[in-house]
Amino acid sequence: MGEQAAHGDVLPEFLSLPFPRMFVYGAQQASLPYLPKLTANGQLAQVPHSGHWPMYSNAT
């Protein structure tokens, strides 16, 4: 998975999953270039005051 995330194009694979999904990201990552595509293709949630790992840096 790490190799695919770093060098592959996994976004289309995730977007084609046949079930509802929620993409969660930390507020410090708000400039990620693929967020508009995720917004158009599914639900997107920003965790305020959070970094790369929202579930650890702002778990509340």
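**Exercise 1.** In which helix is the place of F14?

Solution. F14 lies in helix α2, residues 11-15. Helices are DSSP runs of H or I with at least four residues, strands are runs of E with at least two, and both are numbered from the N terminus. The model is predicted: local features need pLDDT of at least 70, side-chain atom pairs count only at pLDDT 80 or more, and totals for chains, interfaces and linings use all residues. Residues are numbered from 1 along each chain as its sequence is written, and side-chain values use heavy atoms, with hydrogens and water left out.

**Exercise 2.** Find the pattern that the protein follows along the sequence.

Solution. Start with the elements: the protein has four helices and two strands. Read along the sequence, they give α-α-β-α-β-α.

**Exercise 3.** Identify the residues of the largest nonpolar core and the elements that supply them.

Solution. A nonpolar core is a set of buried Ala, Val, Leu, Ile, Met, Phe, Trp, Tyr and Cys residues joined through side-chain atoms within 4.5 Å. Buried means under 20% relative accessible area, exposed over 50%, and partly exposed in between (1.4 Å probe, protein chains only). The largest such core has six residues: L11, L15, F23, Y25, L35 and L38.

**Exercise 4.** List the contacts of L38 beyond its neighbours within four places in sequence.

Solution. Contact means heavy atoms within 4.5 Å. With those neighbours left aside, L38 touches L11, L15, F23 and L44.

**Exercise 5.** Is F14 buried, partly exposed or exposed?

Solution. The relative accessible area of F14 is 34%, so F14 is partly exposed.
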